[in-house]
Structures are given as C-alpha cells and as structure tokens.
Amino acid sequence: MAEISPSIEALLSEERRFPPSQEFIDQANVNDPAVYERADADYEGFWESWAEELHWFEKWDRVLQWDPPFAQWFIGGKTNISYNCLDRHLTGARRNKAAIVWEGEPGDWQVYTYADLHREVCRFANGLKSLGVKKGDRITLYMPMIPELAIAMLACARIGAPHSIVFGGFSPESLRDRINDCEGTVVITADGGYRRGGIIPLKQNTDEALEGTPTVEKVVVVQRVGDKFEGSMKEGRDIWWHDLVEGQSRVCPAEPMDSEDMLFILYTSGTTGKPKGVVHTTGGYMVGTYATVKWVFDMKEEDVYWCTADIGWVTGHSYIVYGPLANGATSVMYEGAPDYPDRDRFWDIVEKYRATIVYTAPTAIRACMRWGEEHPKKHDLSSVRLLGTVGEPINPEAWMWYRKNIGGDRVPIVDTWWQTETGSILITPLPGITTTTPGSATKPFPGIQAEIVDEKGAPVGPGQGGYLVLKRPWPSMLRTIYGDPDRYVEQYWSRYPNIYFTGDGAKMDENGFFWILGRVDDVINVAGHRISTMEVESALVDHNAVAEAASIGKSHEVKGQGVVAFVTLKEGIDTSAEMEQVLKQHVRTKIGAIARPDEIYFTADLPKTRSGKIMRRLLRDIAEGRVLGDTTTLADPAVVEMLKQQYEDEE
C-alpha cells in the first residue's frame with residue numbers, strides 16, 4: 001500500500017485554498033487552533049470536559065480503561081441519551097423550540113417541539129413496557145423516514161432496550177438475518193413507506209421475514225400509507241402504533257444507564273458476506289456525537305440543520321437524531337428522494353425551511369451536478385452558512401460545484417471521514433479554524449490520533465500512500481461485534497498490535513492534510529503501480545462532460561490489472577467512440593499513462609447501495625465475467641443487470 005502510485009499527486013497538487021472568513025471565525029464555536037495541541041496533550045481530559053457538558057445521574061469514577069483492543073469510557077457513570085436529547089432542554093426556552101422538522105415525500109410535513117417529542121417518546125416508551133419490553137431486550141426497527149422512527153429510537157434508549165435499525169430498503173431476507181442475529185423480541189415497522197411515488201411494502205416484507213424468526217413476539221405497525229395498505233395484521237402479534245400509545249402516560253422516567261450499557265446494534269456489510277452487528281454503548285457514543293455536532297457543524301441555537309441521510313445508516317443515527325438533539329438543535333428529516341417529484345427537491349426543502357447547515361453525500365452532489373445548475377438556481381439558498389459531505393471521498397470538482405451552486409462561493413465546507421464503527425466524525429475541518437482544500441478531509445478532530453502507515457505499520461511521509469489507522473481509543477468507538485468478539489479483534493485489531501485498522505487507504509500532503517482514497521480493496525495494481533479508484537474517478541469527473549464515474553481493475557495478462565471505467569455523461573452529451581478517446585486521454589493528461597483506462601463503458605446509472613455508495617465489487621464481477629455477488633443492498637438491482645448485458649454485448 002505504501003507504493004500507491006505517484007499519480008495521486010494529481011490530487012495532492014490541488015492548490016485551491018479556502019480559509020474561513022473573518023466573520024465566520026469571529027462567531028465560531030471553536031476558533032483557536034491551540035485546541036489541537038491541548039487535546040493531544042491530555043486527550044482523556046479533553047473528552048472528560050465534553051462529558052461534563054451533558055447530564056449524568058451519577059458521575060464516572062474513571063474516564064478511560066484501555067485494555068487493547070477493548071475500551072471502556074466514563075466508567076461508573078450513569079446517564080441516559082434520551083434524557084440528554086429531550087428532558088435536558090425542557091426547563092428553558094428550548095421547550096417550545098422545533099426539535100424535528102419533518103417533510104414527507106408527498107409533501108406532508110410536521111413539526112415536533114422538544115416538549116412534543118418528549119411527550120410522544122414517553123407515551124411510546126410506556127407502550128413498549130406494556131408489551132413486556134424490559135431493559136436489555138433488543139428491538140428491531142424497520143421503518144420509513146417518518147417521525148415515529150426517531151420517536152421509537154429515543155423510546156428504546158429511554159427504557160434501556162437496545163435498538164437495531166434495519167434500513168427500510170432491505171429485503172425480507174436481510175431483515176430476518178439481522179433479527180435472528182440479535183435475537184430481537186419486538187419489530188417496529190409501518191404499513192408502507194413512500195419512495196419516488198411508489199409504496200415500499202414494509203409490513204408485507206416484515207411478515208415474510210418473520211416466517212423464520214422464533215424470538216419475535218410482537219410487531220408494532222405505524223399507519224403511514226393508510227388506505228393504500230395491502231397487507232394484513234396478525235391477531236395476537238401485531239398492534240397498530242396509534243392503538244398502543246392511546247391512553248399511555250406522558251411521563252416515563254428515563255432509565256439510568258451505565259455508560260457502557262449497549263445503546264444500539266447497527267449491521268454493516270462484512271467481507272465474508274455475513275453482516276457485522278456493530279455495538280455502540282451509551283456514554284462514549286453520546287459524548288462523541290454531541291462534541292462533533294457542536295464543533296464540526298458549528299451548531300448555534302438558531303440553526304436549522306439538515307442531514308439528508310436515512311436513519312437506517314449510522315449517519316442518520318448520529319447526525320439526524322442523537323447528536324443534533326443532544327445539542328438542542330432543530331433537525332430536518334426528509335422521507336423521499338432528491339429527485340422526486342422534481343430534481344430541485346433538495347433545494348426546495350432548503351428554501352422552505354431556511355436551512356442553515358446541509359450535510360449530504362458526494363453521490364447526491366454528483367447527481368445534482370449531472371442534472372445541471374438550473375435546479376438550485378430556482379431557489380433562494382441564502383440561508384445556508386455551512387455545508388458538509390459524508391459517505392465517501394469527494395472529487396475536487398464536485399466539492400467546487402457544491403461550494404459555488406449551493407454555498408454561493410461564500411460558505412465553509414466540512415468534508416468528513418468516519419465509519420459505522422467509529423460512531424462519530426473523526427477526520428474533518430473545523431470550520432472556524434481550517435483552511436480547506438477541495439477533496440481533502442483535512443485533519444483529525446482534536447483528541448483523535450490518526451496516522452497513515454505502510455505494510456509493517458511504520459508511518460509514511462508526505463505524499464506517500466498507506467493504510468489509515470487510529471492509534472488510540474476514542475469515546476464513540478464500537479465496543480465489539482454483537483455475539484462475536486473474536487471477529488471484532490480479527491477485523492479491526494489484528495493487522496497491527498493495539499492499533500485500529502480502518503480498512504481505508506489514504507495519503508497525506510505537505511500541509512499534513514489527509515486525503516482519503518477509499519477502501520483498500522478499491523485499489524488497482526497496474527504493472528506494479530497501485531492506483532486508487534478514486535484518483536481515476538476524480539480525473540474523469542474533472543472533465544466537463546462527465547457527471548459520474550466508477551473505475552475498477554480487470555485482470556490483464558501483461559499488466560496484472562488494467563483500468564476499466566464506467567462513466568455517466570451529463571445530460572445532453574452523446575456517447576461516442578470519440579468521447580471515449582477524449583476521456584482516456586484526459587485521464588492520461590491528469591494522472592499519467594499508467595492510469596489510462598483500457599476500456600470505458602458509458603452507462604445511464606451505476607450500481608449503488610441504498611446509502612449511495614458505488615458497488616465496485618459488482619462492476620468487477622461484470623468485467624471479469626463472474627457470477628454476480630449479493631445484490632440485496634442495491635438501490636436498484638436492475639441497474640447491474642442492464643450493465644452486465646451491455647458489457648457482454650460490447651465485448
């Protein structure tokens with residue numbers, strides 16, 4: 001890995017710099033660069049100071065116990081994250097402040113104040129208790145992006161029942177596997193959910209999943225689609241949400257939870273195919289998400305903050321619900337897609353609610369680039385004061401488009417790196433301090449010790465490629481893989497002694513900024529030169545005809561691997577042999593001859609997961625003529641079948 005090709009210099013030589021304005025610096029929650037040095041000198045004290053800003057029923061005896069690779073934070077402390085997200089805000093002006101502003105796909109909307117949310121969480125928590133749910137029981141949530149999803153999360157946390165949220169786009173089989181792995185006793189779902197004008201049959205999917213789930217005793221169903229519901233309710237097992245909460249008390253005391261009590265399990269894809277149940281605990285996760293919202297997003301009392309993710313993914317857990325609400329923020333929640341009913345839907349929501357902070361994925365930004373500037377130009381986006389990105393490395397040109405068209409060439413962008421396993425943001429600009437560079441996540445958050453190392457674990461110098469690792473514990477880190485501590489050790493801690501292996505490749509530039517290159521298996525080895533898929537894709541997207549690109553390595557009898565690219569052109573631009581040659585030459589010019597694609601395939605879309613990540617594994621299967629691997633996580637499985645047919649036709 002340390003030999004990643006010098007062609008990455010095309011990224012590292014990025015010279016555009018964007019310091020925060022003096023006006024932003026003056027009002028920022030943190031604007032003193034010395035915070036990095038202070039946090040590094042006493043990182044336990046740094047995290048303890050954050051914990052002290054939150055409510056604890058009993059204070060901790062010790063900040064950290066580190067028995068590699070197992071960590072415990074705020075040992076002996078008793079707290080409750082639902083209390084910190086709700087009750088803590090009810091005594092002052094925040095009581096009647098908007099907590100969740102919800103926009104449904106068909107255009108319906110609802111606002112919950114902190115008092116409203118507290119009341120509904122208590123009623124549902126009491127409803128769960130009436131079903132026999134007790135502390136420690138695992139509850140599976142399989143729901144659309146509706147307020148009841150956040151309410152159910154906070155209710156579970158309130159009574160100490162760890163939740164396991166399964167993204168509403170997953171198949172019945174995927175849902176069944178996750179329920180059985182955590183031995184869930186209750187499933188919370190909805191009759192259906194909306195997606196691009198259609199209805200996702202969540203209750204029908206749940207019924208199918210439950211044909212093989214012996215531990216499930218009760219199913220709670222939210223009425224979302226009403227008359228359009230085509231499923232059925234099973235007597236004795238299923239209960240409507242509205243019937244469950246009817247007559248329930250508005251008061252439900254928050255259960256004092258040990259700092260290390262499990263808060264939730266969230267399943268993430270594993271290389272072996274079996275999903276990993278990542279376990280997060282209460283105290284450290286709460287501290288990590290609270291701190292990062294306050295500093296990374298510079299969260300202010302008057303902000304209207306919108307993270308466009310789905311709560312089924314960790315980004316939604318941390319940065320729609322727990323982190324923002326612990327800060328007393330107003331958090332926007334949206335049910336639908338960015339292009340339905342029209343391609344300006346995101347920007348319509350920003351204008352409608354006067355959103356001040358927007359946090360979205362590079363995939364969404366590149367899609368908006370493809371659709372054209374005219375869509376954001378229809379809307380008044382002057383309320384926006386900060387932009388963020390999450391989910392994968394962002395191409396410099398997409399970063400610039402975002403800054404210009406959504407941020408009006410005036411607002412900071414925080415490009416963040418973190419994982420399901422890390423719980424909260426770990427590498428990021430601090431908008432009141434950092435001079436940003438398009439495409440770079442910049443520096444570790446204060447208190448985080450990240451490093452780039454070679455195969456032997458030795459640090460690499462500026463400009464060198466290597467593995468991104470974390471060299472000391474942090475509060476929001478996963479504690480284990482549910483039911484499989486050996487896999488936890490093997491997956492994350494076995495490559496280097498007492499060092500967390502992220503699975504991502506990265507480089508550092510001369511300024512000490514981190515450039516995330518993506519998963520280490522997203523690396524192409526061309527004649528001994530290791531080329532990141534991201535750098536090829538960035539070069540392609542840099543061309544003004546290209547909306548989106550994915551690159552992979554294909555077996556080559558001479559070079560070992562050759563580069564194959566799948567490219568989506570912007571609307572109005574025709575595919576042709578000439579365009580293929582133009583793009584091949586463009587990559588050669590931007591990176592070098594070694595990275596010039598052997599083949600370019602033009603496609604209307606790329607296979608992506610429902611969280612927007614490109615499934616390069618499936619593209620490799622197509623290029624190598626292999627049987628396609630698991631496609632259950634795809635947003636649209638038809639895309640990969642169409643690509644496979646196209647590839648075979650052109651071979």
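1. Helix α18 passes helix α19 in a right-handed crossing (the near helix is turned clockwise from the far one by less than a right angle). The contact (heavy atoms within 4.5 Å) involves Ala-539, Leu-540 and Asp-542 from α18, and Leu-583, His-586, Val-587 and Lys-590 from α19. By class, the residues of this contact are four nonpolar, one polar and two charged; Ala, Val, Leu, Ile, Met, Phe, Trp, Tyr, Cys and Pro count as nonpolar, Asp, Glu, Lys and Arg as charged, and the others, Gly among them, as polar.

2. The model is predicted: local features need pLDDT of at least 70, side-chain atom pairs count only at pLDDT 80 or more, and totals for chains, interfaces and linings use all residues. Numbering starts from 1 along each chain as its sequence is written, and side-chain values use heavy atoms, with hydrogens and water left out.

3. α18 spans residues 533–542 and α19 residues 577–590; they pack at an angle of about 120 degrees with axes 9 Å apart. Therefore α18 is oblique to α19 (angles under 35 degrees count as roughly parallel, over 145 as roughly antiparallel, 65 to 115 as roughly perpendicular and the rest as oblique). Axes are lines fitted to C-alpha atoms, for helices over the stretch in contact, and angles run from 0 to 180 degrees between N-to-C directions.

4. An open sheet of four strands is ordered β21-β22-β24-β25, with antiparallel pairing (two strands pair if DSSP finds at least two bridges between them). Its edge strands are β21 (450–453) and β25 (514–519).

5. β21 and β22 (residues 465–470) run antiparallel and are joined by four bridges. Ile-452 has Leu-468 of β22 as its bridge partner.

Definitions and conventions
Helices (H or I, at least four residues) and strands (E, at least two) are DSSP runs, numbered from the N terminus.
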